Amino acid sequence: VKEDYDLIVIGSGCAGLTCAIQARELGVKPVILEKMATFGGNSMRASSGMNASETIVQLKHGIVEDWHDFYEETYKGGGKLNDPELLEYFASHGALAIDWLAAHGIVLDDLTITGGMSRMRTHRPKSLAPIGAFLVNNLMKRAKELEIPVVCGVKAERLLTDEKGAVCGVKTARRNVYAKAVVLATGGFSASKDLIAKYRPDLKAYRTTNHAGATGDGIKLAEEVGAEVVQMDLVQVHPTVQQDTDHAYLIGEAVRGEGAVLVDGNGKRFVNELSTRRIVSDAITALKEKSAYLVFDSQVKKRVKAVDFYQKQGLVVEARTLEELAKKLNVKENDLKQTLEKWNQAVEKKQDSEFGRKTGMERELNQAPYYAIHIAPAIHYTMGGLHIDKQTHVLDKSGNVISGLFACGEVCGGLHGNNRIGGNSISETIIFGRQAGMRAAAESKNK
Ligand code: ADP
């Protein structure tokens, strides 16, 4: 690490990488500091896809819509607690972000759906590979081409300010690094025992799907220079997490989006599986066994490549017949069979009279082998964080911009309200990562 750069980006997830690339393409020289030994952060684990509206990809699939619908569904899904200014920027810039990625050779031309959405907006690569690693690796490639240094194993310990209070650098263990602007792209705090205990003591016992680095550092760094935090108590619990081993594996929403159902300990459905994460999590927690099985067939498996990965980790129960599956899960054979029969009829009629599910009903569950994954809710995402404006400036408690300080990605609060929709966090990183890169570049050029 040198002593000064035009721009310091803290964090090498999708937000930080996108920001640095965008800024570099505008002519400024950024460095990315990453505290962990490897790059990619929690973005590496994202599985579903990237939501966006009015995209060319949607048109190719015959989906014509207005981004205001995307806005409204995200707003409703977030309990109408979303910051309208951020949400409007977000909902109206998805197509641009998809195009920007495509212009960088990063093509997301397959579509799926996630809970709370009425149409297919979740963009993913044709290979159906999990979105996170796909994006991080491709963005890293571009960062290398642009000669952006991504320095791992360097933690930002404090923000440095000049005599006017403007942020002008970062203290690391080895040295102070100076820049015209600093971007916080440090991710959320799902893995911070302290912050979870402080803001959501009721969730203390829950495990998390997040990587160990998700400890909310950016929030603490910014608070020390006067930043305001918003909605810190809004923490998302993800409904489908396999946690019977040391590691809590998130089972992506795409499995349900492509047709899986959830059954309880009796082999019966109990919820619209594609309601929002909040509703599905609450329904599972209300069950006697506080866990459930995600059940699907070989057709669904084919549509979600991540299932191969889950299988390699030993998380998937496989059976040649439904009888065998019932036996392996220790649920009543007749109940499970009846559940699937009823479900297949609902798919055929496109009407789920029991639970009102309307999406993820493209295919019946009738192609052996059958599969099940044991799941329960775990801490997944922190909706709260730094208060930013739509230009990604970090704001202080009086609503004034903290000069020289920007933030993007999960470290920010307000966009998602009380429930982040699956597929919206990746779009947030690209949309606001670009925005932070553009704004920080423009403003540091004037310095
Ligand atoms: P986002 O999805 O918002 O991009 P990620 O979790 O993918 O968030 O990426 C955030 C990255 O920031 C992680 O790789 C994390 O290790 C890194 N990070 C967090 N705190 C610091 C810090 N104090 N110094 C350097 N890197 C940090």
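**Helix packing and a buried glutamate**

In this predicted model, residue E428 lies within helix α15. The relative accessible area of E428 is 3%; because residues under 20% count as buried, E428 is classed as buried. Beyond its neighbours within four places in sequence, E428 is in contact with F90, Y381, G409, E410, L415, H416 and G433. The fold also brings together E428 and A15, which are separated by 413 residues in sequence, with a C-alpha to C-alpha distance of 7.9 Å.

Helix α15, formed by residues 424-445, also meets helix α5, formed by residues 94-103. The two axes come within 9 Å and cross at roughly 85 degrees. The helices are therefore roughly perpendicular to each other, since crossing angles of 65 to 115 degrees fall in that class. On the α5 side, the contact is made by G94, L96, A97, W100 and L101, and on the α15 side by I430, I431 and R434. Sorted by class, the residues of this contact comprise 6 nonpolar, 1 polar and 1 charged.

Helix α14 covers residues 333-349. Its 17 residues should span 24 Å at 1.5 Å a residue, and this agrees with the end C-alpha atoms, which are 24 Å apart. The buried residues of α14 are D335, L336, T339, L340, W343, N344, A346 and V347. Around the helix axis they cover an arc of only 165 degrees, and therefore they lie on the same side of α14. These buried residues pack against strands β14 (261-263) and β15 (292-297) and against helix α13 (322-329). The face turned away from the buried side carries the exposed residues N334, Q338, E348 and K349. Just after the helix, K350 adopts a positive phi of about 60 degrees.

A one-sided arrangement is also found in helix α10, which consists of residues 277-285. Within this helix, R277, V280, S281, A283 and I284 are buried. Viewed down the axis of α10, the buried residues fall within an arc of 160 degrees, so they line one face of the helix. The partners of this buried face are β12 (235-242), α9 (254-257), β14, β15 and β17 (370-382).

Conventions. Residues numbered from 1 in each chain as written. Predicted model: local features only at pLDDT ≥ 70, side-chain atom pairs only at ≥ 80, totals over all residues. Heavy atoms only, no water. Axes fitted to C-alpha atoms, helices over the stretch in contact; angles between N-to-C directions. Helix = DSSP H or I, 4+ residues; strand = E, 2+ residues; numbered from the N terminus. Parallel < 35°, antiparallel > 145°, perpendicular 65-115°, else oblique. Contact = heavy atoms within 4.5 Å. Nonpolar A, V, L, I, M, F, W, Y, C, P; charged D, E, K, R; others polar. Expected span 1.5 Å × (residues − 1). Buried < 20%, exposed > 50% of the residue type's maximum accessible area, 1.4 Å probe, protein only. Arc of directions from axis to C-beta.
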